[in-house]
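Please open the model in your viewer and keep the selection panel at hand.

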Amino acid sequence: MRIFVGITGASGAPYAARLIERLTEADCELGVCISRAGYEVLATELYSDVSLPQDEIAQRLIDGADGVTVYSERDWKAPYASGSAKVDAYVICPCSMGTLGTIASGAMSNLIHRAASVALKEGRRLVLCPRETPLSRIHLRNMLEVQEAGATVLFLAPGFYHGADTVDQLVDFVVSRCLDQLGIEHEAARWGD
(Lines give C-alpha, C1' and ligand atoms only; values in the text may rest on other atoms or scores of the structure.)
Protein backbone atom coordinates (compact mmCIF):
# COMPACT_ATOMS: atom_id res chain seq x y z
CA MET A 1 0.00 0.00 0.00
CA ARG A 2 1.04 3.59 -0.61
CA ILE A 3 0.20 5.82 2.36
CA PHE A 4 0.68 9.49 3.19
CA VAL A 5 1.46 10.28 6.84
CA GLY A 6 1.18 13.87 8.04
CA ILE A 7 2.53 14.85 11.45
CA THR A 8 1.38 18.16 12.92
CA GLY A 9 1.92 20.13 16.10
CA ALA A 10 -0.52 18.37 18.43
CA SER A 11 0.81 16.33 21.31
CA GLY A 12 1.04 12.64 20.38
CA ALA A 13 4.47 12.06 18.85
CA PRO A 14 4.70 8.49 20.26
CA TYR A 15 1.60 7.58 18.24
CA ALA A 16 3.17 8.93 15.04
CA ALA A 17 6.44 7.08 15.64
CA ARG A 18 4.69 3.76 16.35
CA LEU A 19 2.36 4.21 13.36
CA ILE A 20 5.32 4.72 11.01
CA GLU A 21 7.04 1.69 12.54
CA ARG A 22 3.95 -0.51 12.06
CA LEU A 23 3.31 0.71 8.50
CA THR A 24 6.89 0.00 7.44
CA GLU A 25 6.66 -3.46 9.04
CA ALA A 26 3.61 -4.01 6.83
CA ASP A 27 5.76 -3.13 3.76
CA CYS A 28 3.84 0.05 3.01
CA GLU A 29 5.40 2.77 0.90
CA LEU A 30 5.22 5.92 3.01
CA GLY A 31 5.33 9.59 2.16
CA VAL A 32 5.84 11.50 5.41
CA CYS A 33 5.35 15.22 5.84
CA ILE A 34 6.08 16.97 9.14
CA SER A 35 4.87 20.50 9.83
CA ARG A 36 7.14 23.03 11.58
CA ALA A 37 5.18 22.59 14.80
CA GLY A 38 5.23 18.82 14.24
CA TYR A 39 9.03 18.89 14.31
CA GLU A 40 8.92 20.73 17.64
CA VAL A 41 6.55 18.17 19.14
CA LEU A 42 8.65 15.24 17.89
CA ALA A 43 11.82 16.82 19.30
CA THR A 44 10.15 17.47 22.66
CA GLU A 45 8.15 14.28 23.17
CA LEU A 46 10.45 11.69 21.57
CA TYR A 47 13.95 13.10 21.92
CA SER A 48 13.73 15.63 24.79
CA ASP A 49 15.85 18.06 22.78
CA VAL A 50 14.15 21.01 21.08
CA SER A 51 17.50 22.14 19.64
CA LEU A 52 17.68 19.20 17.20
CA PRO A 53 17.70 20.24 13.53
CA GLN A 54 14.74 19.10 11.43
CA ASP A 55 16.77 16.72 9.28
CA GLU A 56 18.06 14.90 12.35
CA ILE A 57 14.55 14.64 13.82
CA ALA A 58 13.26 13.15 10.56
CA GLN A 59 16.20 10.77 10.33
CA ARG A 60 15.68 9.54 13.88
CA LEU A 61 11.95 9.11 13.23
CA ILE A 62 12.36 6.91 10.17
CA ASP A 63 15.59 5.32 11.49
CA GLY A 64 16.65 3.63 8.26
CA ALA A 65 13.20 2.27 7.42
CA ASP A 66 12.84 1.17 3.80
CA GLY A 67 10.19 2.73 1.59
CA VAL A 68 9.88 6.01 3.52
CA THR A 69 10.35 9.41 1.90
CA VAL A 70 10.13 12.62 3.94
CA TYR A 71 8.69 15.62 2.10
CA SER A 72 8.88 19.29 3.03
CA GLU A 73 5.57 20.86 3.96
CA ARG A 74 6.24 23.30 1.10
CA ASP A 75 6.79 20.58 -1.53
CA TRP A 76 3.85 21.15 -3.86
CA LYS A 77 5.43 18.78 -6.43
CA ALA A 78 5.17 15.78 -4.09
CA PRO A 79 2.97 13.03 -5.54
CA TYR A 80 0.61 13.36 -2.57
CA ALA A 81 -0.37 16.86 -3.74
CA SER A 82 -2.15 15.47 -6.80
CA GLY A 83 -5.27 13.41 -7.23
CA SER A 84 -3.72 11.71 -10.26
CA ALA A 85 -1.15 9.95 -8.05
CA LYS A 86 -2.17 6.49 -6.86
CA VAL A 87 -2.36 6.69 -3.07
CA ASP A 88 -4.28 4.15 -1.02
CA ALA A 89 -4.77 6.08 2.22
CA TYR A 90 -3.87 9.22 4.11
CA VAL A 91 -3.46 9.70 7.85
CA ILE A 92 -2.60 12.75 9.91
CA CYS A 93 -1.29 11.67 13.30
CA PRO A 94 -1.28 13.64 15.46
CA CYS A 95 -3.67 16.12 13.87
CA SER A 96 -3.77 19.54 15.50
CA MET A 97 -7.10 21.34 15.73
CA GLY A 98 -5.57 24.05 13.53
CA THR A 99 -4.90 21.45 10.82
CA LEU A 100 -8.33 19.91 11.25
CA GLY A 101 -9.96 23.34 10.98
CA THR A 102 -7.96 24.18 7.86
CA ILE A 103 -9.01 20.89 6.24
CA ALA A 104 -12.63 21.50 7.23
CA SER A 105 -12.54 24.93 5.58
CA GLY A 106 -11.03 23.62 2.35
CA ALA A 107 -7.98 25.89 2.69
CA MET A 108 -4.51 24.59 1.87
CA SER A 109 -1.32 26.25 3.08
CA ASN A 110 1.01 23.24 3.13
CA LEU A 111 1.41 19.71 1.76
CA ILE A 112 -0.42 18.15 4.70
CA HIS A 113 -3.52 20.25 4.06
CA ARG A 114 -3.29 19.62 0.31
CA ALA A 115 -2.92 15.85 0.72
CA ALA A 116 -5.99 15.75 2.97
CA SER A 117 -7.91 17.83 0.44
CA VAL A 118 -6.88 15.42 -2.32
CA ALA A 119 -8.05 12.46 -0.21
CA LEU A 120 -11.46 14.05 0.30
CA LYS A 121 -11.99 15.16 -3.30
CA GLU A 122 -10.92 11.74 -4.64
CA GLY A 123 -13.02 9.80 -2.12
CA ARG A 124 -10.00 8.07 -0.58
CA ARG A 125 -9.41 6.96 3.01
CA LEU A 126 -8.44 9.86 5.26
CA VAL A 127 -7.89 9.29 8.98
CA LEU A 128 -7.43 12.33 11.21
CA CYS A 129 -6.08 11.67 14.72
CA PRO A 130 -6.65 14.61 17.09
CA ARG A 131 -5.73 14.59 20.76
CA GLU A 132 -6.98 17.99 21.97
CA THR A 133 -9.19 18.13 25.06
CA PRO A 134 -11.51 19.65 26.10
CA LEU A 135 -13.22 20.49 22.81
CA SER A 136 -14.80 23.78 21.86
CA ARG A 137 -17.90 24.10 19.69
CA ILE A 138 -15.60 25.15 16.85
CA HIS A 139 -13.60 21.91 17.22
CA LEU A 140 -16.79 19.84 17.28
CA ARG A 141 -18.21 21.59 14.21
CA ASN A 142 -14.96 21.13 12.31
CA MET A 143 -14.87 17.43 13.20
CA LEU A 144 -18.44 17.00 11.98
CA GLU A 145 -17.54 18.88 8.78
CA VAL A 146 -14.59 16.60 7.93
CA GLN A 147 -16.52 13.47 8.87
CA GLU A 148 -19.40 14.49 6.61
CA ALA A 149 -16.84 15.12 3.84
CA GLY A 150 -15.59 11.52 4.16
CA ALA A 151 -12.79 11.58 6.75
CA THR A 152 -12.58 9.33 9.79
CA VAL A 153 -11.88 11.14 13.07
CA LEU A 154 -9.97 8.77 15.32
CA PHE A 155 -9.11 10.31 18.68
CA LEU A 156 -5.79 9.47 20.26
CA ALA A 157 -7.62 8.01 23.25
CA PRO A 158 -6.63 4.52 24.38
CA GLY A 159 -9.03 1.96 25.74
CA PHE A 160 -8.29 0.06 28.93
CA TYR A 161 -10.26 -3.19 28.50
CA HIS A 162 -7.25 -5.06 27.09
CA GLY A 163 -5.38 -4.81 30.41
CA ALA A 164 -2.42 -2.71 29.33
CA ASP A 165 0.50 -2.64 31.73
CA THR A 166 2.61 -0.02 29.96
CA VAL A 167 2.25 3.27 28.11
CA ASP A 168 3.62 1.50 25.01
CA GLN A 169 0.68 -0.91 25.15
CA LEU A 170 -1.73 2.04 25.33
CA VAL A 171 -0.03 3.61 22.31
CA ASP A 172 -0.25 0.27 20.47
CA PHE A 173 -3.99 0.09 21.20
CA VAL A 174 -4.65 3.39 19.40
CA VAL A 175 -2.23 2.63 16.56
CA SER A 176 -4.02 -0.71 16.03
CA ARG A 177 -7.32 1.15 15.65
CA CYS A 178 -5.66 3.44 13.11
CA LEU A 179 -4.28 0.46 11.17
CA ASP A 180 -7.80 -1.01 11.09
CA GLN A 181 -9.10 2.20 9.51
CA LEU A 182 -6.29 2.16 6.94
CA GLY A 183 -7.05 -1.46 6.01
CA ILE A 184 -3.72 -2.83 7.28
CA GLU A 185 -3.72 -6.38 8.66
CA HIS A 186 -2.07 -6.69 12.08
CA GLU A 187 -2.13 -8.47 15.40
CA ALA A 188 -4.09 -6.59 18.04
CA ALA A 189 -5.91 -6.96 21.31
CA ARG A 190 -9.60 -7.02 20.40
CA TRP A 191 -12.76 -7.00 22.45
CA GLY A 192 -13.78 -10.52 23.32
CA ASP A 193 -10.34 -12.07 22.68
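**Before selecting.** This is a predicted model, in which local features need pLDDT of at least 70 and side-chain atom pairs count only at pLDDT 80 or more, while totals for chains, interfaces and linings use all residues. Residues are numbered from 1 along each chain as its sequence is written, and side-chain values use heavy atoms, with hydrogens and water left out.

**Stop 1: the whole chain.** The C-alpha trace spans about 45 × 35 × 30 Å along its principal axes. The radius of gyration of the chain is 16 Å, which agrees with the value near 16 Å for a compact globule of 193 residues; it is taken over C-alpha atoms, and the globule rule is 2.2 Å times the number of residues to the power 0.38.

Colour next by accessibility. Of the 193 residues, 49% are buried, where buried means under 20% relative accessible area, exposed over 50% and partly exposed in between, with a 1.4 Å probe and protein chains only. Among contacts with a separation of 6 or more, 74% join residues 24 or more positions apart; a contact means heavy atoms within 4.5 Å.

**Stop 2: the largest pocket.** Select Arg-22, Ser-176, His-186, Glu-187 and Ala-188, which lie nearest the centre of the largest pocket among its 16 lining residues. On a 1 Å grid over the protein atoms alone, a pocket is an open set of points where a 1.4 Å probe fits, with protein on both sides within 12 Å along at least five of seven lines, and lining residues have an atom within 4 Å of a point. The pocket holds about 240 Å³ of space, a volume being the space filled by probe spheres set on the points, which are joined across faces, edges and corners. Now highlight α1 (13-25) and α7 (167-182), each of which supplies at least two lining residues; α7 gives the most, with six. The lining comprises seven nonpolar, four polar and five charged residues. Here Ala, Val, Leu, Ile, Met, Phe, Trp, Tyr, Cys and Pro count as nonpolar, Asp, Glu, Lys and Arg as charged, and the others, Gly among them, as polar.

**Stop 3: the second largest pocket.** The second largest pocket has a volume of about 160 Å³. Select Ser-35, Arg-36, Ala-37, Glu-73 and Asn-110, the closest to its centre of the 13 lining residues. By class, the lining has two nonpolar, eight polar and three charged residues.

**Stop 4: the cysteines.** How many disulfides are counted? The count is zero, a disulfide being a pair of cysteine sulfur atoms within 2.5 Å. For Cys-28, the nearest cysteine sulfur is that of Cys-178, 11 Å away. Cys-28 is buried at 3% relative accessibility. For Cys-129, the nearest cysteine sulfur is again that of Cys-178, at 4.1 Å. Cys-129 is buried at 1% relative accessibility.

**Stop 5: Gly-159.** Finish in the loop between β6 (152-153) and α7, where Gly-159 lies. Is Gly-159 buried or exposed? Gly-159 is buried, with a relative accessible area of 14%. Select Leu-170 and Phe-173 as well: Gly-159 is in contact with both, leaving aside neighbours within four places in sequence. Finally, pick the C-alpha atoms of Gly-159 and Ala-104, which are 55 residues apart along the chain and separated by 27 Å.

Notes:
Helices (H or I, at least four residues) and strands (E, at least two) are DSSP runs, numbered from the N terminus.
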